[in-house]
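Take a look at the aromatic rings and at one helix in the fold below.

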Amino acid sequence: MTGMMTRSELEAALLRAASNYSWTWDRHTQALFTKFPKATAGLHPKQRVLAFTDADYDRYLADTEFIAEAKAAAGRVPE
């Protein structure tokens, strides 16, 4: 495990946040998505997560603020 989450846990949290359209009105989740790699700009957030590289995950797993934001974004998705 790296940081406070594993890669698979981070990916699951990001996919949960990106797969539900609540991100379209949630400004905190939108702010999280602005931290995604610029090379994927213009794609749907779910596609952007699926395009993450190993280097992207290494960087995000080392960023405790990003991890906290990802957990919070996933937690705001309605059941």
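A residue counts as buried if its relative accessible area is under 20%, and as exposed if that area is over 50%. By that cut-off Phe66 is buried, because its relative accessibility is 1%. The model is predicted. It holds seven aromatic pairs.

**Pair one: Phe36 and Phe52**

- Phe36 sits in the loop between helix H2 (27-33) and helix H3 (45-50). Phe52 sits in the loop between H3 and helix H4 (54-61).
- The two residues are 16 apart in sequence, so their pair ties together separate parts of the chain.

**Pair two: Tyr60 and Phe66**

- Why is the pair of Tyr60 and Phe66 called stacked? The planes are at 15°, and planes under 30 degrees apart count as stacked. The ring centres are 4.1 Å apart.
- Tyr60 is buried, at 3% relative accessibility. Phe66 is buried too, at 1%.
- Arg59 lies over the face of Tyr60, 5.0 Å from the ring centre.

- Ring pairs join Tyr21, Trp23, Phe33, Phe36, Phe52, Tyr57, Tyr60 and Phe66 into a cluster.
- A pair of aromatic rings is described by two things: the distance of the centres and the angle of the planes.

- Which residues of H4 are buried? They are Asp56, Tyr57, Tyr60 and Leu61.
- Seen down the axis of H4, these buried residues fall within an arc of 125°, so they line one face of the helix.
- An α-helix has 3.6 residues a turn, so residues three or four places apart point the same way.
- Asp54 and Asp58 are exposed, on the face of H4 turned away from its buried side.
- Helix H1 (7-19), H3 and H5 are among the elements that cover the buried residues of H4.

- Asp63 is in the loop between H4 and helix H5 (64-75).
- Is Asp63 buried, partly exposed or exposed? Its relative accessible area is 32%, so Asp63 is partly exposed.
- Asp63 and Trp25 are 38 residues apart in sequence. In space, they are 25 Å apart, C-alpha to C-alpha.

Technical notes. Residues are numbered from 1 along each chain as its sequence is written. This is a predicted model: local features need pLDDT of at least 70, side-chain atom pairs count only at pLDDT 80 or more; totals for chains, interfaces and linings use all residues. Side-chain values use heavy atoms; hydrogens and water are left out. Rings of Phe, Tyr and Trp (its six-membered ring) pair if their centres lie within 6.5 Å; planes under 30 degrees apart count as stacked, over 60 as edge-to-face and the rest as tilted. Helices (H or I, at least four residues) and strands (E, at least two) are DSSP runs, numbered from the N terminus. Buried means under 20% relative accessible area, exposed over 50%, partly exposed in between (1.4 Å probe, protein chains only). A charge sits over a ring if NZ of Lys or CZ of Arg is within 6 Å of the ring centre and within 35 degrees of the ring normal. The arc is that of the directions from the helix axis to the C-beta atoms. Contact means heavy atoms within 4.5 Å.
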